[in-house]
Structures are given as structure tokens and as C-alpha cells.
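Work through these exercises with the sequence and the 3D view side by side. Try each task before you read its solution.

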Amino acid sequence: LNSDKKPIAYNAVFILVDQTEDLARLPGGAFQDQIVGWRTLIDEIDSRFGMLWAMEGSAEEAEASFTEAIQRRQTLDSEKLALSPLTNVEAKEFLVEMMKRFRKQGSRLPEAYPFELAALEKIVNEIENRTPSELLVTCRQIVLWAIRNEVIRKREDTITQAHASRYFKS
């Protein structure tokens, strides 16, 4: 990747490191080894390479997770890392797409199954910080609540707007 020639198999390499906040829980030696490895990787690959660290929290908290050696090699403005919550429409579309991805191709289930569309609208309206993570965690919690409360007992059962309202009141 250091040459000016186009790599044979790839045009670029991107690495996504998720759950970066867990770095703080690594033992000292493992943390240092990880940081040194990333620093070396960044120094050795000068083009067609990108690294994205994902974590919960603010951009300032992300920067605090890295040593000065890594921070010097970053080229991003921390303000650009602050993600705005999704709009109600975007949040609902996101959830519908996620529900579709959890079923087999050609399935005849409704597009938002196990939720009805009105239930997703209720969920979206109830969540103040409509990030993808918050939306998915809330939906998972509602599905677990629905199973425990026997709202969902067979394949035909769905989570309605009334069920979602009951969940938020509980």
C-alpha cells in the first residue's frame, strides 16, 4: 500500500474500530500494545487508508481515549464527529430497514414486523435522542417486554401502538 501503484485487490483500506470506549478497560500492557499497533499502522500506510473509531459519548471523550501519539496523527476536526439525532422520518425509515434485514429474503411478513408501523412511530416519538443505537436498544427492550408480557406468542402476533404506549408507561 505504500507504493504509488494501485493495489491489486483493493482501492483503499478502511478499518472500523467499534466500542472504542472499551479501551479504558484494557490492562495497561494490552492498551499500550493496541495504541502502538495503531500508531505504527497509521505511520506505515500513507495513502488509501482510513481508520474510524466508533464509541458512545462525545468527540471530546473519544479524544481522551487516545494517547498524544495517536492524537497527533488524526486529521479530523472533533466537531465533525458529533452526530445529530435522526429526524422522526429518518428514524422510522431506519427501523423499518433494520427490521427487513432480520428476515429471510422473500418473507411475507409485514415490513416492520414484529412491530406495526404505528408502533414504530410511537417509539420514534418517545425517544428524545434518536441515534441508531438508542433506537435499536429501545426496540430490543420492547420486544423482550412483549415476550415477557405474552404480547407475542405466535408468529401472527405483532407489537401495536397500544403495546408500545404500555411499554413506555411501565
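Start with a term: buried means under 20% relative accessible area, exposed means over 50%, and partly exposed lies in between (1.4 Å probe, protein chains only). This is a predicted model: local features need pLDDT of at least 70, side-chain atom pairs count only at pLDDT 80 or more, and totals for chains, interfaces and linings use all residues. Residues are numbered from 1 along each chain as its sequence is written, and side-chain values use heavy atoms, with hydrogens and water left out.

**Exercise 1. The overall layout**

Task: State in which order the elements of the protein chain run from the N terminus.

Solution. 
- Helices (H or I, at least four residues) and strands (E, at least two) are DSSP runs, numbered from the N terminus.
- Take the totals. The protein chain has seven helices and two strands.
- Read along the chain. The order is β-α-β-α-α-α-α-α-α.
- Of the 170 residues, 31% are buried.

**Exercise 2. The largest core**

Solution. 
- Define the core. It is a set of buried Ala, Val, Leu, Ile, Met, Phe, Trp, Tyr and Cys residues joined through side-chain atoms within 4.5 Å.
- Recall the background. In soluble globular proteins, nonpolar side chains tend to be buried together.
- Look at the members. The largest core has 22 residues, and F115, L120, I123, L135, C139 and I159 touch the most other members.
- Trace the helices. At least two residues each come from α4 (88-101), α5 (117-126), α6 (132-148) and α7 (161-169).

**Exercise 3. A buried charge**

Task: Which side chain of opposite charge is nearest to R130?

Solution. 
- Locate the residue. R130 sits in the loop between α5 and α6.
- Set the rules. Lys and Arg count as positive, Asp and Glu as negative; His and the chain ends are not counted. A salt bridge is a side-chain nitrogen of Lys or Arg within 4 Å of a carboxyl oxygen of Asp or Glu.
- Apply them. R130 is buried and has no salt bridge; the nearest opposite charge is E90, 7.4 Å away.
- Look at the backbone. The R130 side chain reaches the backbone oxygen of L86 at 2.8 Å.

**Exercise 4. Salt bridges**

Task: Say how many salt bridges there are, and which parts K92 and E121 tie together.

Solution. 
- Count. There are four salt bridges.
- Take one of them. K92 and E121 meet at 2.6 Å, N to O.
- K92 lies in α4 and E121 in α5, so the pair ties together parts 29 residues apart in sequence.
- Compare another. K122 and E126 pair at 2.7 Å. They are four residues apart in α5, about one helical turn.
- Check E126. Its relative accessibility is 37% for E121 and 39% for E126, so both count as partly exposed.

Terms used: Polar contact = N/O pair within 3.5 Å; in protein donor to acceptor, adjacent residues only side chain to side chain.
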